[in-house]
Amino acid sequence: MHALHARLPKHFVLEERLERYADAIEAAPASYAGVWAEACRPLDAEGAARFSEVRLDMGCGKGAFTVEAAAREKDVLFVGIDFEPICIAYAAQKAVESGLDNVVFCPGISDKLGDYFAAGEVSRIYLNFPTPFPRKKEARQRLTYLDNLLRYRQILAPGGTVLLKTDSYPLWHFSQTQFALAGYDVSWESTDARAERPDDPMSWYEERLSAEGAKVFAIEAAAGEEPARNEEGVVEQTEPLSLIDYLPEDLSTMKYVPHGMQGTITNLRNLEKKGNYNRHL
Ligand SMILES: C[S@@+](CC[C@H](N)C(=O)[O-])C[C@H]1O[C@@H](n2cnc3c(N)ncnc32)[C@H](O)[C@@H]1O
C-alpha cells in the first residue's frame, strides 16, 4: 500500500502556492458566515445574485471531488475545507485551472464550523473518505464522531444532508452508531455505493483505494429530532470508541484491509494466530 498523505515535492514553497492560487482561497472563512451564497457570487455572473445552495466538502484533501462536483452544478457554491494547508494549495490550483467560479477552498477545522457558517446555511455536507483515526484516544477527531455530527446539525439547512463515503467497514459501522446518537434520520446506507450511484463524482481517495480493491460504504442522513441531553446538557457518548470493536469477528473474512488499519489488523491477525488472545478484553 502506498502512503497516501500529501507529500511535499521538491521545490514546493507553500506560501508561494497559496499566493498564486489565492483567487480560489478564502483564508478567513468566519468572515463569510451567513453570506457565502451572495458574497462569493461573481458580480458579472449570469442569472441570480446569489448561489442557490452552499455545500461543504469537509476534509476535502486536494479537492478533486469538490472541483468535479462544482463543474457539474454551476449554480451551487462548493466550499472545501481541510486543516492541511498543503491540501488547500493543491485544491486551489485545481479550482483556478478549472476556471470555475463556484468553488472555493479554506484552511480550517471541523471544530470551528459553527464560526464559519451561520445556522441553516449549508444544504449538504460531504465526508469523503475521512481519516479513520482507529484508536480509542483519537476517536474524537473522526469527522463522524458524535460531537462533529452535532456541529453539522447547527449549520445544516432544514432537510439538509450529511453524506459519508468510506472504504472502512469499521468506520462505517462506528458512524452508524454516531448518526443514531446525534439524532439523524438515515435515508441511504450502502456497502457498495459506487455500484448504486455510479455517476457520483469521485474523490481522489476513492479512485486510489478502489484500484486497490476497496468497496465504498456510504451513509446519507438528515438531522431528525434533537437527541436527548443529560442534566449538563450533553448528548452522551455510549458506544465503543476503538475501531477494533467494529471489525468482523473473523478477520479472515476481511479480504480488503481499510486504509489506516493495515498495522492494527496485521497485529491482531498475528496475536489471534497465537491463540489465547481476546481482542475485546
Ligand atoms: C483521507 S483524506 C480524504 C481527502 C478527500 N476527501 C478524498 O476523499 O480524496 C482526509 C482529509 O481530511 C482532512 N481532515 C481530517 N480531519 C479533519 C478535521 N477535523 N478538519 C479538517 N480537515 C480534516 C485531512 O487533512 C485529509 O486531507
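The following questions and answers cover the ligand surroundings, a pocket, a helix and several loop residues of a predicted model.

Residues are numbered from 1 along each chain as its sequence is written, and side-chain values use heavy atoms, with hydrogens and water left out. Local features need pLDDT of at least 70 and side-chain atom pairs count only at pLDDT 80 or more, while totals for chains, interfaces and linings use all residues.

User: Which residue places a polar side-chain atom 2.7 Å from an oxygen atom of the ligand?
Analyst: A polar contact is a pair of N or O atoms within 3.5 Å; within protein, one must be able to donate a hydrogen and the other to accept it, and residues adjacent in sequence count only if both atoms are side-chain atoms. On the nitrogen side of the ligand, a backbone N or O atom of G59 lies 2.8 Å from a nitrogen atom, and a polar backbone atom of F83 is 3.2 Å from a nitrogen atom. The oxygen atom of the ligand has a polar side-chain atom 2.7 Å away, and that atom belongs to S203.

User: Is S110 buried or exposed?
Analyst: Buried means under 20% relative accessible area, exposed over 50%, and partly exposed in between (1.4 Å probe, protein chains only). S110 sits in the loop between β3 and α5 (113-116); helices (H or I, at least four residues) and strands (E, at least two) are DSSP runs, numbered from the N terminus. With a relative accessible area of 7%, S110 is buried.

User: With which side chain does the side chain of S110 make a polar contact?
Analyst: Contact means heavy atoms within 4.5 Å. Not counting residues up to four places away in sequence, S110 touches M58, L143, N148 and R151. The polar contact, at 3.3 Å, is with the side chain of N148.

User: How many of the ten residues of helix α6 are buried?
Analyst: Helix α6 spans residues 146-155 and is mostly covered. Its buried residues are L146, N148, L149, L150, Y152, R153 and I155.

User: What is the phi of F129?
Analyst: Most residues other than glycine have a negative phi. F129 lies in the loop between β4 (122-128) and α6, and F129 is buried because its relative accessible area is 10%. Its phi is positive, near 50 degrees.

User: Where is F133, and what is its phi?
Analyst: F133 is in the loop between β4 and α6. At a relative accessible area of 16%, F133 is buried. Although F133 is not a glycine, its phi is positive, at about 40 degrees.

User: Which backbone nitrogen lies 2.9 Å from a polar atom of the side chain of T166?
Analyst: T166 belongs to strand β5 (residues 156-166). It is buried, with a relative accessible area of 0%, and its contacts beyond four places in sequence are F129, L171, W172, K215, V216 and F217. The backbone nitrogen in question is that of S168.

User: How far apart in space are V216 and Y169, C-alpha to C-alpha?
Analyst: V216 is in the loop between α9 (204-211) and β7 (217-223) and is buried at a relative accessible area of 2%. Among the residues that V216 touches are F129, K165 and T166. V216 and Y169 are 47 residues apart in sequence, and in space 8.8 Å.

User: Which backbone nitrogen does the side chain of S242 reach?
Analyst: S242 is in the loop between β7 and α10 (262-273) and counts as buried at 14% relative accessibility. Leaving out residues up to four places away in sequence, S242 touches P134, K136 and R142. At 3.1 Å, its side chain reaches the backbone nitrogen of I244.

User: How many residues of each class are in the lining of the second largest pocket?
Analyst: α4 (85-98) and β3 (103-107) each supply at least two residues of this lining, which includes D23, C40, L77 and V104. Ala, Val, Leu, Ile, Met, Phe, Trp, Tyr, Cys and Pro count as nonpolar, Asp, Glu, Lys and Arg as charged, and the others, Gly among them, as polar. A pocket is an open set of points on a 1 Å grid over the protein atoms alone, where a 1.4 Å probe fits, with protein on both sides within 12 Å along at least five of seven lines; lining residues have an atom within 4 Å of a point. The classes come to eight nonpolar, one polar and three charged residues.
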